Amino acid sequence: MRIIQAKNYEDMSRKGADFIAAQVLLKPNCVLGLATGSTPVGAYQRLAEKYRSGDLSFAQVTSINLDEYVGLSPDNDQSYRYFMNENLFRHIDIDIARTFVPNGLEKNAEKACTDYDAILAAHGGIDLQLLGLGLNGHIGFNEPADHFPCGTNCVDLTPSTIEANSRFFPTYDSVPKQAYTMGVQAIMQAGCALMLVSGKAKAGIVRQAFTGAITPQVPASVLQLHKNFVLIADEDALSEMKL
């Protein structure tokens with residue numbers, strides 16, 4: 001495990017974008033595992049800037065996203081497909097046909113998960129997986145549980161996750177209660193797992209996940225076993241760590 005300390009959110013975003021850009025430059029046809037939420041937005045903005053300046057091309061890149069809400073269509077402005085289109089894809093030269101997000105409209109959960117695992121297998125896995133960190137330690141939408149889910153799975157979101165996501169929806173009741181999410185196995189098999197974390201609110205879970213016991217009750221703790229895990233976090237997020 002490698003920890004890179006950033007001064008603040010902007011510095012974290014810059015360092016994260018530089019790390020992802022290096023992967024694309026080293027392997028132009030790489031497979032990027034991408035994440036949603038407020039944390040990676042700054043990094044995505046900087047990647048778009050690198051494309052506009054002519055320093056970076058995503059023309060050969062394939063992207064495979066971590067998760068999607070069950071029941072939301074791609075054109076719903078709270079879906080993760082919409083998020084990716086608006087925050088990254090439409091600002092770069094990636095081939096949209098090679099960008100993958102779970103099908104939130106597939107009502108058969110087993111089929112939705114099997115189909116997504118097949119996409120992962122067809123592309124030979126992920127070269128670099130970008131991750132955020134939930135307040136309860138979730139990665140993707142793999143919530144605290146009694147085991148680490150292996151493949152793509154349909155998750156009942158915990159009340160704390162629903163509460164955290166409710167800021168993006170008109171009301172708490174309108175927040176989707178389930179999501180399809182990539183399993184822990186695909187994350188652990190990625191060539192590199194890169195996590196971005198910002199803010200003092202995450203300090204406690206950062207300490208617990210990366211200095212505490214490895215347990216499915218704190219899903220991110222499994223990353224202690226990853227062969228190439230890099231944590232880029234700002235000073236606030238690392239404030240409870242003894243580096």
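Me: What does the predicted model require before a feature is counted, and how are residues numbered?
Reply: In this predicted model local features need pLDDT of at least 70 and side-chain atom pairs count only at pLDDT 80 or more, while totals for chains, interfaces and linings use all residues. Residues are numbered from 1 along each chain as its sequence is written, and side-chain values use heavy atoms, with hydrogens and water left out.

Me: Why is methionine 12 called buried?
Reply: Buried means under 20% relative accessible area, exposed means over 50%, and partly exposed lies in between (1.4 Å probe, protein chains only). Methionine 12 has a relative accessible area of 0%, so it is buried. The residue lies in helix α1, where helices (H or I, at least four residues) and strands (E, at least two) are DSSP runs numbered from the N terminus.

Me: Which residues does methionine 12 touch, leaving out those up to four places away in sequence?
Reply: With contact taken as heavy atoms within 4.5 Å, methionine 12 touches Ala6, Thr39, Leu196, Val197, Ser198 and Ile232. The C-alpha atoms of methionine 12 and proline 40 are separated by 9.4 Å, and these two residues are 28 residues apart along the chain.

Me: What makes a set of residues a nonpolar core, and how many residues has the largest one here?
Reply: A nonpolar core is a set of buried Ala, Val, Leu, Ile, Met, Phe, Trp, Tyr and Cys residues joined through side-chain atoms within 4.5 Å. The largest one has 73 residues, and those with the most contacts inside it are Leu32, Leu47, Phe58, Met195, Phe210, Leu223 and Leu231. Strand β9 (residues 192-197) gives the largest share of this core, six residues. Leucine 32 touches, among others beyond four places away in sequence, Ile20, Val24, Phe58, Val61, Ile64, Ile126 and Leu128.

Me: How do you know that the buried residues of α3 line one face of the helix?
Reply: The buried residues of helix α3 (residues 80-87) are Tyr80, Arg81, Phe83 and Met84. Seen down the axis of α3 they fall within an arc of 160°, so they line one face, the arc being that of the directions from the helix axis to the C-beta atoms. What covers them includes β2 (31-34), α2 (41-52), β3 (62-65), β4 (67-69), β5 (99-100) and α5 (159-165).

Me: Why is the contact between aspartate 11 and lysine 15 called a salt bridge?
Reply: A salt bridge is a side-chain nitrogen of Lys or Arg within 4 Å of a carboxyl oxygen of Asp or Glu, and because the closest N and O atoms of aspartate 11 and lysine 15 are 2.9 Å apart, the pair meets that definition. Both residues lie in helix α1 (residues 9-26), four residues apart, about one turn of the helix. Aspartate 11 is buried at 14% relative accessible area, whereas lysine 15 is partly exposed at 22%.

Me: Why is the pair of phenylalanine 210 and phenylalanine 229 called tilted?
Reply: Rings of Phe, Tyr and Trp (its six-membered ring) pair if their centres lie within 6.5 Å, and planes under 30 degrees apart count as stacked, over 60 as edge-to-face and the rest as tilted. A search of the whole structure finds five aromatic pairs. Tyrosine 69 and phenylalanine 141 form one that is tilted, at 5.8 Å centre to centre and 40° between the planes. This pair links strand β4 to the loop between β6 and β7 (153-156), 72 residues apart. Phenylalanine 210 and phenylalanine 229 have their ring centres 5.2 Å apart and their planes at 40°, so that pair is tilted. Phenylalanine 210 lies in helix α7 (residues 203-211) and phenylalanine 229 in strand β10 (residues 229-234), so the pair ties together parts 19 residues apart in sequence.
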